[in-house]
Amino acid sequence: MESCENAGDDALLELADYCHRRLLYLNTEAAEDVKFVDRNAEEMLSRNGREEFGDKHAQLAFSAATCALTVVRYLTDYMEELPPCVMARLLAANDVPMLLIPLLDARPWVRRRRTRLPQGPGSELGAYNRPSTSSKSAMVTEVFCDGGIWREQPRDERLRLTQQDAQVWLALYNLVMAPLARQSYEWDDHRKEQLAKTRRFFNEVLFDQLPPLQELSRAVEEMQLGGRAPSDSGAGGRLVMEQIPVVRERLLKVNAGRWHELASAACVGALADSTDNRKAALAQAQAMLRNFDLLELLEETVGQHIFDGERNKGGEEGVGSPGGGDEPSSSNGAASVTSERFRPPGVTLEVRHSSGSAGDHTDEWYTYDLSVDTAKPLQEVEIADEATGNFARGVRRKLLPPLRARASEGGKPAPPLPCDGVAKVIYRDRSAVAAFSLPSQAVLNSPTEAFLDTSAASTKTCPTSLWVTMGLLATEGVAVQLKLRRAMRISAAHRDAKTGKLHLYEIAGAFVTALI
């Protein structure tokens, strides 16, 4: 809504007119543009650049039209807050309700096409390698989805509204039922007749998916029974002053007869495949990546500030332990919920223990959850390849140690890492697998003790702390550096049952680095 207010009347009028042109396109040319054409390999190879460009233009035009449909719905949602000239443009000048009603029946975002079914030997070679007369065919229904992708619609989803269907219904509901629209839109006989065509779509399945349409159904019935139309207009005797858009008209007038000249200048300038343009595009892409990192960092920083504010507010109001200690009480749920909401995803470390004599057999050990330390800022790093001289950019985050286990395991402390094992690092949509081997020591105390002491002189040959890297940044795109610390006491259950060696090292901290 703030964007609409900041855009100004002229921009909103141009937006309303653009959406009107896109709705006209959906009602006329769209169905032909998205019609599926089955071409074999020879036909695909024989197509020239102009034909391929025409297909791309049709795809982009249809995608833009479906986006404009969403814009129309949002404009009608905030119609009462928008300038009056926008509502007048949608209703009086462009007559948007009469453009939405035919789309409920035409539905250009849903298409039917015939597909060939595999049959007999060689079916795995694909449909294009078999004559069309030797394979059976069937009709399938496809739905246009975000990203310009047509997805096959299962039979059990045929009654489910698509995203575009819902946008049409909601926009029509707003234009018919909104009080200001009732006062501004005059329902003559032709418009009533067109609106009556929506009656055949009203049923319980539709109402279950969009409950507000029950009110629209009642309004349509009242009109057909001879009641008063949903328009309370007496606009016939009023003087109407209409604001018209001028930006597009001015551009068309100023550049009349110069479009080929402008296109030629763009081809040798901004659109030319030159070294300077490639460098500029690369710099723009890198700037976008930095902006993404900045937005992510900003989200985390804002979330941490909100969390700190909630925690400080809770402290001022006496929310905490009864003794005034550092442990907050369980009633302070707002701060914990806010913290989890803004906390970025951490690292999952799935560890398996090598139990075979040759290390060829592994058993499940433990899954460590390492959360991101939001108190530490996101760091941008550059990784250089000395051999080739190339470098890559990445981001580095500090991770918190796994202090407690999951609730399903009783909330016990996380166990130390096994002496020998295999770890799988999972961070966002990336993963890496690495084998590791850590220093170990034979059991020093009686195996009947519940806890074993690791401070004896013979264990001092093992380092107090060490760093282990898991994952290859160059090939897997992610690497985790674990800071391991030799535990002072460990549970007797955490020793190798076959060799009797102690698993000495626990995770004390970590860093994760990922390429961007």
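Modeller: This is a predicted model. The protein chain contains 17 helices and 16 strands.

Biologist: What share of the 516 residues is buried?
Modeller: Buried residues account for 35% of the 516 residues in the protein chain.

Biologist: And the contacts, how many of those with a separation of 6 or more link residues 24 or more positions apart?
Modeller: Among the contacts in the chain with a separation of 6 or more, 67% are between residues 24 or more positions apart.

Biologist: Let us move to the open sheet. What is the strand order?
Modeller: The sheet has 4 strands, in the order β5-β4-β8-β9, and the pairing is antiparallel. Its edge strands are β5 (362-370) and β9, each of which pairs on one side only. On average, neighbouring strands of this sheet are turned by 20 degrees against each other, ignoring direction.

Biologist: How many bridges join β4 to β8?
Modeller: Strand β4 (residues 347-354) is joined to β8 by 7 bridges, and the two run antiparallel. Val347 stands opposite Tyr427 in β8.

Biologist: And on to β9, how many bridges are there from β8?
Modeller: There are 8 bridges between strand β8 (residues 420-427) and strand β9 (residues 430-437), again an antiparallel pair. Ala423 has Ala434 in β9 as its bridge partner.

Biologist: What does Arg428 do in that hairpin?
Modeller: The hairpin of β8 and β9 has 2 residues between the strands, and Arg428 takes a positive phi near 55 degrees there.

Biologist: Changing topic to helices: at what angle do α10 and α12 pack?
Modeller: Helix α10 (residues 189-196) and helix α12 (residues 213-224) pack at about 130 degrees, and their axes are 10 Å apart. The two helices are therefore oblique to each other. The crossing of α10 past α12 is left-handed.

Biologist: Which residues meet there?
Modeller: From α10, Lys192, Leu195 and Ala196 meet Val220, Met223 and Gln224 of α12. The residues of this contact comprise 4 nonpolar, 1 polar and 1 charged.

Biologist: Is Thr76 buried or exposed, and why?
Modeller: Thr76 counts as buried because its relative accessibility is 4%, and buried means under 20%.

Biologist: What is Thr76 in contact with, leaving aside its neighbours within four places in sequence?
Modeller: With those neighbours set aside, Thr76 is in contact with Ala171, Asn174 and Leu175.

Conventions. Residues are numbered from 1 along each chain as its sequence is written. This is a predicted model: local features need pLDDT of at least 70, side-chain atom pairs count only at pLDDT 80 or more; totals for chains, interfaces and linings use all residues. Side-chain values use heavy atoms; hydrogens and water are left out. Buried means under 20% relative accessible area, exposed over 50%, partly exposed in between (1.4 Å probe, protein chains only). Contact means heavy atoms within 4.5 Å. Axes are lines fitted to C-alpha atoms, for helices over the stretch in contact, and angles run from 0 to 180 degrees between N-to-C directions. Angles under 35 degrees count as roughly parallel, over 145 as roughly antiparallel, 65 to 115 as roughly perpendicular and the rest as oblique. A crossing is left-handed if the near helix is turned anticlockwise from the far one by less than a right angle, and right-handed if clockwise. Ala, Val, Leu, Ile, Met, Phe, Trp, Tyr, Cys and Pro count as nonpolar, Asp, Glu, Lys and Arg as charged, and the others, Gly among them, as polar. Two strands pair if DSSP finds at least two bridges between them.
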